[in-house]
Protein chains: 2
Amino acid sequence: MRGVIMHAPGDVRVEDRDMPTIEQSTDAIIRVTATCICGSDLWPYRGVEKVDHTPMGHEYVGVVSEIGADVKNVKVGDFVVGSFVASDNTCEICQAGYQSRCVHHVMMGSVGTQAEYARIPLADGTLVATPGTPDPELIPSLLAASDVLGTGWFAAVAAEAGPGKTVAVVGDGAVGLLAILAAKQLGADRIIAMSRHADRQALARRFGATDIVEERGREGAAKIKELTNGLGAHSVVEAVGTQESMDQAIRATRPGGHIGFVGVTHNVSIDGLKLFFSGVHLHGGPAPVRRFLPDLIQLIWDREIDPGVVFDLTLPLEEAAEGYRAMDERRATKVLLTV
Amino acid sequence: MRGVIMHAPGDVRVEDRDMPTIEQSTDAIIRVTATCICGSDLWPYRGVEKVDHTPMGHEYVGVVSEIGADVKNVKVGDFVVGSFVASDNTCEICQAGYQSRCVHHVMMGSVGTQAEYARIPLADGTLVATPGTPDPELIPSLLAASDVLGTGWFAAVAAEAGPGKTVAVVGDGAVGLLAILAAKQLGADRIIAMSRHADRQALARRFGATDIVEERGREGAAKIKELTNGLGAHSVVEAVGTQESMDQAIRATRPGGHIGFVGVTHNVSIDGLKLFFSGVHLHGGPAPVRRFLPDLIQLIWDREIDPGVVFDLTLPLEEAAEGYRAMDERRATKVLLTV
C-alpha cells in the first residue's frame with residue numbers, strides 16, 4: 001500500500017509500505033477514506049522535533065476492512081471515526097473522560113494514518129461508527145472530528161466556555177478556529193478571536209467570533225482586558241504552544257478564570273509566581289477526543305456544525321508533499337488528503 | 001501602640017508604632033485579640049524576600065473599635081474575623097468567589113496586624129462578625145480561619161476533594177494539615193498526608209488522614225501511585241511552594257485530576273510539556289478566604305472543627321521574636337500571639 005514517510009525535516013515522500021495486519025485480537029484494520037496533515041506534523045517538518053524515515057499521520061476516517069477476534073463494537077464495512085489516540089475506553093482514566101491518557105493508550109502517530117490502510121489498536125474503545133455511510137460532503141467534517149474539532153472542543157470545555165462567559169481564543173489555526181465553533185455551541189456570550197489574517201478572521205466570524213483582536217503578546221492581552229472592563233476573559237483557549245502564546249493566555253484571563261491549552265507546548269516554561277498571582281485555572285494536554293466523538297458525529301450528521309470548512313486545500317495522498325509545503329508556507333490552514 | 005517590626009532578616013522587634021486611624025470612610029479599626037506568625041513570614045525572616053523595617057502580620061481576630069462613615073456591616077464592639085486580603089466583596093471578581101484578587105484588594109501584610117490595633121480597609125467586604133463574643137477557647141480556631149484554615153480549605157476545594165476521591169497533601173505545615181481537615185469535611189474517601197515528622201503525622205491523623213507517606217520528590221510521587229493502582233491521586237494539595245513540591249504534586253496526580261496549590265511559589269518553573277502530558281488541572285494562588293469565612297466561622301462556632309490545634313506555641317505579642325525563632329527552627333508549627 002501507499003503511505004507518507006518523512007525521511008528528514010522538509011523531506012516528505014509517498015512510498016510503498018507494508019500492508020498493516022491484525023497484531024492483537026483487539027485491533028481493526030481500516031481502509032482510509034480521508035486523512036490530513038496536522039499543525040503538529042509541522043514540528044518535525046521544520047526540524048523542531050526529531051524525524052527519521054517516519055510514517056506520518058494520526059487523523060483518519062475510513063471503512064473497517066478486518067477485525068481481530070475480540071472486536072465487538074465495530075464490524076467489517078462500518079464507516080468509522082477515531083481519535084488520534086487509541087484507548088480502551090474502559091479503564092478508570094477513560095471512564096473519567098481522559099481517554100487520551102488511557103492506561104493502555106497508543107498514539108496513532110506511531111501507526112501513521114497518512115496511508116491507504118491503517119491498523120487501529122483497541123478498536124472497540126477507539127472507533128465510533130457513523131449512523132450509516134456518510135454523504136461525501138460530510139467526510140471533511142467527520143475527519144475534523146478525529147483531531148482538530150475534538151481538540152478545539154476540549155479546549156473550549158477545559159476553558160469552561162458557556163453561557164455568560166467571554167471567551168478569548170489565542171491561535172487562529174484549525175484548532176483555534178474550531179474552539180470558536182465549540183465555544184459558540186457551548187453557549188458563550190462573546191467570543192474574541194485573536195488573529196491577524198483576513199481569511200482566518202472571516203472563518204472565525206463564520207464559526208461565531210463576535211470580536212477580532214489583531215494584537216499579540218502583552219498588547220493582545222491588554223486589548224482583551226480593555227474589552228472586558230479591565231478584568232480579562234472568563235475563558236481563554238491557548239491553541240498554539242509557544243512561550244508567547246501561553247504568557248498571552250495567562251495575562252488575558254481574569255482571576256478565577258479558566259485556560260484550556262491544547263497547543264503541544266514547545267520550550268514553554270510557566271513562572272510559578274506569575275501563575276500563583278494570576279489566580280487562573282490551567283488545564284490542557286492531548287485532547288481526550290474520544291469523550292466527545294459520539295456527540296460531535298451526531299452534530300455533524302445532523303448538519304448542526306460544519307467543521308470541515310477548515311480544510312482549505314484537498315489533495316490526493318500522492319501529493320502529500322505539496323500539502324506539507326502549503327501548510328508550512330501558510331498557504332493553507334489545513335490540508336485534507338483523499339485516499 | 002505596640003507592634004512587630006522586622007528590621008532585617010532574622011531581626012524581629014516589638015516596638016511602639018503609631019495608632020492606626022480611619023483613612024477612608026470604608027475603613028474600620030480593630031483592637032486585635034490574637035494574631036499569629038505565618039509560614040510566609042519566614043521567607044523575609046530567612047532573607048529570601050526583601051525586608052526593611054517592615055511592620056509584620058496579616059492574620060487577625062479582634063473587636064471593632066472604630067468605623068468609617070460608610071461602614072454598615074459591622075459595628076463598634078463586634079468580634080470579627082477577616083481574611084489576609086481586604087476586599088470589597090462586591091466587584092465582579094469577588095462575586096465570582098475570588099475576593100483575594102478583588103479589583104480593590106489590599107494585602108493585609110501592608111497593614112501589619114502583629115500589633116495591638118489594626119486598620120482594616122474595605123471593612124464591609126472584609127470583616128465577618130461572629131454570632132456573639134466567642135469563648136476564649138474558640139479564639140485560636142477563629143484566628144486560623146483568617147488564613148491557614150481558609151487557605152487549606154481553598155486548596156482542598158481547588159483540588160476538588162470530595163466523595164469518591166483520594167486526596168494527597170504535599171506539605172505538613174499548618175496549611176497542609178488544615179487542607180487535610182478540609183478534605184475530610186468535604187467528604188474525601190482517602191487522605192494521604194506526606195510528612196516525616198511524628199508530631200505532624202499525629203495531627204494529620206487527628207484531622208482525617210488515612211495514610212502517611214514519608215518519601216518525598218519522585219519517591220513520594222511513586223508511593224502515591226503505588227497506593228492508587230498506579231494512577232495517582234484524584235486530588236493533590238501543594239502547600240509548600242518549592243520546585244520539588246510542585247513537581248511532586250504534578251507527578252502524584254492522575255491524568256484529569258486536580259492540583260490545588262497554595263504555597264507561595266518561590267523560584268518555581270513549570271515545564272510546559274510535562275504539564276501538557278500530565279493532563280492535570282492546576283489551580284491556586286492567594287486563597288479567597290473571604291469566600292469561605294461565614295461557613296468556617298459557623299463550623300467553628302458549632303464545634304464541628306477545631307483548626308486552632310495547629311497552634312502549638314502561644315506567646316504574648318511582646319515575645320514575638322521568640323515565636324519567629326521557634327517557627328524558623330521548626331520547634332513550632334504555628335505560633336499564636338496574644339495581644
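Is the crossing of α5(B) and α6(B) right-handed or left-handed? In this predicted model, the crossing of these two helices, α5(B) and α6(B), is right-handed.

**Helix packing in chain B**

- Helix α5 of chain B, which spans residues 148-158, packs against α6(B) at an angle of about 55°, and the axes of the two helices lie 7 Å apart; α5(B) and α6(B) are therefore oblique to each other.
- On the α5(B) side the residues that meet α6(B) are Val148(B), Leu149(B), Thr151(B), Gly152(B), Trp153(B) and Ala156(B), while α6(B) contributes Ala174(B), Val175(B), Leu178(B), Ala179(B), Leu181(B), Ala182(B), Ala183(B) and Gln185(B).
- By class, this contact of α5(B) with α6(B) holds 11 nonpolar residues and three polar ones, with no charged residue.
- Helix α6 (residues 174-185) of chain B also packs with helix α7 (residues 198-207) of chain B, their axes coming within 8 Å and crossing at roughly 20°.
- Because an angle under 35 degrees counts as roughly parallel, α6(B) and α7(B) are roughly parallel to each other, and the crossing of α6(B) and α7(B) is right-handed.
- From α6(B), the contact draws on Leu177(B), Leu178(B), Ile180(B), Leu181(B) and Lys184(B), and from α7(B) on Arg200(B), Leu203(B), Ala204(B) and Phe207(B).
- Seven nonpolar and two charged residues make up the contact of α6(B) with α7(B), with no polar residue among them.

**Helix packing in chain A**

- In chain A, the axes of helix α5 (residues 148-158) and helix α11 (residues 289-301) come within 10 Å and cross at roughly 110°, and α5(A) and α11(A) are therefore roughly perpendicular to each other.
- The crossing of α5(A) and α11(A) is right-handed.
- Residues Leu149(A), Gly150(A), Thr151(A), Trp153(A), Phe154(A) and Val157(A) of α5(A) make this contact with Val289(A), Arg291(A), Phe292(A), Leu296(A), Leu299(A) and Ile300(A) of α11(A).
- The residues of the contact of α5(A) with α11(A) comprise nine nonpolar, two polar and one charged.

**Domains of chain A**

- Chain A is divided into domain 1, made up of 2-147 + 288-338, and domain 2, covering 151-284.
- The centres of domain 1 and domain 2 of chain A, taken over C-alpha atoms, are separated by 26 Å, and the contact involves 22 residues from domain 1 and 19 residues from domain 2.
- Between them, domain 1 and domain 2 of chain A bury about 1700 Å², of which 65% is on carbon and sulfur atoms.
- Within domain 1 of chain A, the residues that lose the most area to domain 2 are Trp43(A), Arg330(A) and Thr333(A), which together account for 26% of what that side buries.

**Interface of chain A with chain B**

- The contact of the two chains brings together 33 residues of chain A and 33 residues of chain B.
- About 2900 Å² is buried between chain A and chain B, with 65% of this area on carbon and sulfur atoms.
- In chain A, Pro255(A), Phe276(A) and Phe277(A) lose the most area to chain B, and together they provide 20% of what the chain A side buries.

Terms used
Residues numbered from 1 in each chain as written. Chains lettered and ligands numbered in written order. Predicted model: local features only at pLDDT ≥ 70, side-chain atom pairs only at ≥ 80, totals over all residues. Heavy atoms only, no water. Axes fitted to C-alpha atoms, helices over the stretch in contact; angles between N-to-C directions. Helix = DSSP H or I, 4+ residues; strand = E, 2+ residues; numbered from the N terminus. Parallel < 35°, antiparallel > 145°, perpendicular 65-115°, else oblique. Left-handed = near helix turned anticlockwise from the far one by under 90°. Contact = heavy atoms within 4.5 Å. Nonpolar A, V, L, I, M, F, W, Y, C, P; charged D, E, K, R; others polar. Domains from an automatic or database assignment. Buried area = accessible area lost by both parts, 1.4 Å probe.
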